[in-house]
Amino acid sequence: MKSDEITYALKNLMHRRLRSFLSVVSILIGITAIFALISFGLGIQNYVTELGEEAGTDKLYIQAKGIGVPGTDENFFFTRSDIEFVDKIKGVRKIVGMYVSTPEIKFDGEIEYRFLAGWNADMHEFINELFGGIGIDKGRHFKDGELDAVVLGYNYQFEDKIFKRKVRLGDKISIDGKEFEVVGFYEEVGNAQDDSNIYISDDAFEIMYPKKKDKFGYAMLQADAGVEPGGLAEKIEDKLRKRRGQEEGKEDFFVQTFEDALEIFGNIFTIINGVLVLIALVSLVVAAVNIMNTMYTAVIERTKEIGVMKSIGAKNTDILTVFMIESGFLGTVGGIVGIIFGYIISKIGEYAAAAGGYSFLKPVFPWYLTAGCILFAFVVGAGSGFLPALQASKLKPVDALRYE
Amino acid sequence: MNIEHFRLSVDNLKDRKLRSWLTMLGIFIGIAAVISLIGLGEGLRSAIVGQFGFLGTDVLSIQASGYDLAGPPGQGAPNPLSDDLAEKIESVRGIEAAFNRYIESGTMEFNDRLQIGFAGSIPEGENRKIFEEMLNLNVQKGRMLKDGENSRIVLGSDFTGDEIFGKPIKVGNRVIINDLKFEVVGILEKKGSFLFDSIILINEGALIEKFRDGDGSEVNIIAVKVENENEIKLVAESIEKLLRKERDVDKGEEDFEVSTPQQALDSLNSVLFGIQLFVTIIAVISLLVGGIGIMNTMYTSVVERTKEIGIMKSIGAKNSTIFSLFFIESGLLGMVGGTIGIIIGVTVAYGSAALGRIALGSELIQAEISLTLIIGALIFSFVIGTFFGVLPAIQASKLQPVESLRSVQ
């Protein structure tokens, strides 16, 4: 490929400025959509991987089955002795049960229904590790035995997110009619549900809901160092099943490693994202057809020119190269501009998601996404120019010269 | 614009066969994508909504407020409905009947398998008939429950398949619910809705006695049948007023919800519609690209035919004539592309829905393509063709005859 072939190809594109421009536009639209969609998809994968890494592979959880949001169905639970039983299984370093409820929360005359968790202060460290180092944003944790202290999710600190007025440290809020003092706020988890949870000590929980005493919806546990967590999960499931007198396949609970749970979550997003990318790909197919069309037209228009070039010694491959460069260039420019637009759209999407409380929807732009999109655009361009270029290269010089 | 113009346009398109085909290919890929996605989306949406659409328009339900999606309806509400409310509500004007419904989640065992689900109560006494009529409950086998039957149940038609427990449940079979034995006395007719077809009905008295230790003071849902469905809004307001007084809460701070099935349906519908819209927007991008293809083709054709336009003008063609010639051409590209696209789209939609049903075994995967959608797509493809053809057509119509005659290709 010589440089004068490139200059020649570029001159031709400039000559048909409007047509080239339209071809570029058609390919850039598709690249924009694909770039933006994939950047979000990769962002979610990143988020999941990071969570997994920070949580470590040694965390598991046990959850009662039931209807609705897991753990909220009052008819399915673990008792304290179940938890103590699991604690004694070899390979379990520690286990903490978690109470859950869905109370009415009142602040400044407003009522909301949110997710309430009650746990032992041991759990603080656990949660911190599980949710990628998420700790207290302001204030402090509740202490064991503290009966009127509540820690709120991140979103309570802002106006109009949960309550009209923002909640401050030291404010009183009422949970199912009982007053609690706000002693701390959690850092942002990144999704609107978790960021609106509230947390109290298990002692306070037991006093408020005596019926639910020793009935846990969830339990989190950590494996001993060196214990394979997947195997441990099976072992716990097996033993707990026998203890509860249930047969295999008839459990009313399940044990899962935190890693597996994350993976499932990540997979679902990847599938949804993949479907959207596929739909966006259709527009690139159409763009390819457009480029092909432009190139066929160019071949017809320049038939005489091709004849002249051939008669003064241009080889078939030279002609092929010139036309391929032209269409490949159209694709590449479309790709580059498309990436710029895609970046802008992703950024707008990121701010929109964060404003809606879903800051975990954060696009990432690794170099290979950018490079891949440009390469892909080039391949689409060059690929769709191939047939027209082949036609051009095979023209007979004499016929071509005669063409009117 | 007359027949002559039309014929000229068609001839021109035929002259550049390859280019016209490629241009239309762009449009019909786009239209096919849009049609098949909307068709599948509509089918899915109406199938899902249909699952909830069995309730009549003359029914209201009342539930204590609580965290959405927590356990069975009404469970875990901080301030549950009390069992004396239904009777009080019944005295509100315009109400035919109001009754308590208890819903209990639990496990059910049959054929050595265990499933988690919920059982609902069926009122006893004179309300039983109203309830059965309200939900249009009929058995396909066996019979409905009678008052005082404490260890008998009626099941929805899904249990007659072998998906749930590996083998069908028949009238007379025994099942274990929350460790207690029950005999199946009837199977309901198939309604085509999972809410209904997977129902487990137990007598109210039995449910309270066996699963709630005889304490029926906390009600999950109060179901209300109104006398005249046109007054349903008014009745809902009177119920709200009564409940505010009974539960001692101010307006705007209600800890309960009175809702019509239509409201629930509307909100579900709007969520599904939002998803569908997003997918359609992404698909429409390809139509846009197809439109740009038309524009490109038309500009090329204006340049190619500059001399021709000059000749036509010099023998008396008006600007508007030239404009309409090119306008018809691009419109035709859009329309013909659209027509082929619709045919492909319809085939793809129904074909993939059929494949999806076989692969996933879910009756929810349906395609539904309305006449409106087809006509809409046809009009849309014509609009795209003409919209992207306007600029080239204007350019053509404004060419100076002398200049154009002089132009060399």
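**View 1. An aromatic cluster in chain A.** Pairs of rings join Y99(A), F205(A), Y209(A) and F216(A) into a cluster. Rings of Phe, Tyr and Trp (for Trp, its six-membered ring) are paired if their centres lie within 6.5 Å; planes under 30 degrees apart count as stacked, over 60 as edge-to-face and the rest as tilted. Over all chains, the structure holds 19 aromatic pairs. This is a predicted model, in which local features need pLDDT of at least 70 and side-chain atom pairs count only at pLDDT 80 or more, whereas totals for chains, interfaces and linings use all residues. Residues are numbered from 1 along each chain as its sequence is written, chains are lettered from A and ligands numbered from 1 in the order in which they are written, and side-chain values use heavy atoms, with hydrogens and water left out.

**View 2. The pair of Y186(A) and Y199(A).** The two ring centres are 5.0 Å apart and the planes stand at 65 degrees, so the pair of Y186(A) and Y199(A) is edge-to-face. Y186(A) belongs to strand β10 (residues 178-186) of chain A and Y199(A) to strand β11 (residues 198-201) of chain A, so that distant parts of the chain, 13 residues apart, are linked. Helices (H or I, at least four residues) and strands (E, at least two) are DSSP runs, numbered from the N terminus. Y186(A) counts as buried at 4% relative accessibility, and Y199(A) counts as buried at 10%. Buried means under 20% relative accessible area (1.4 Å probe, protein chains only), exposed over 50%, and partly exposed in between.

View 3. Because F182(B) lies in strand β9 (residues 180-188) of chain B and F211(B) in helix α6 (residues 204-211) of chain B, the pair ties together parts 29 residues apart in sequence. Both F182(B) and F211(B) are buried. K210(B) lies over the face of F182(B), 5.0 Å from the ring centre. A charge sits over a ring if NZ of Lys or CZ of Arg is within 6 Å of the ring centre and within 35 degrees of the ring normal.

**View 4. The interface of chain A and chain B.** Contact, meaning heavy atoms within 4.5 Å, involves 50 residues of chain A and 51 residues of chain B. Across this interface the rule finds zero salt bridges, a salt bridge being a side-chain nitrogen of Lys or Arg within 4 Å of a carboxyl oxygen of Asp or Glu.
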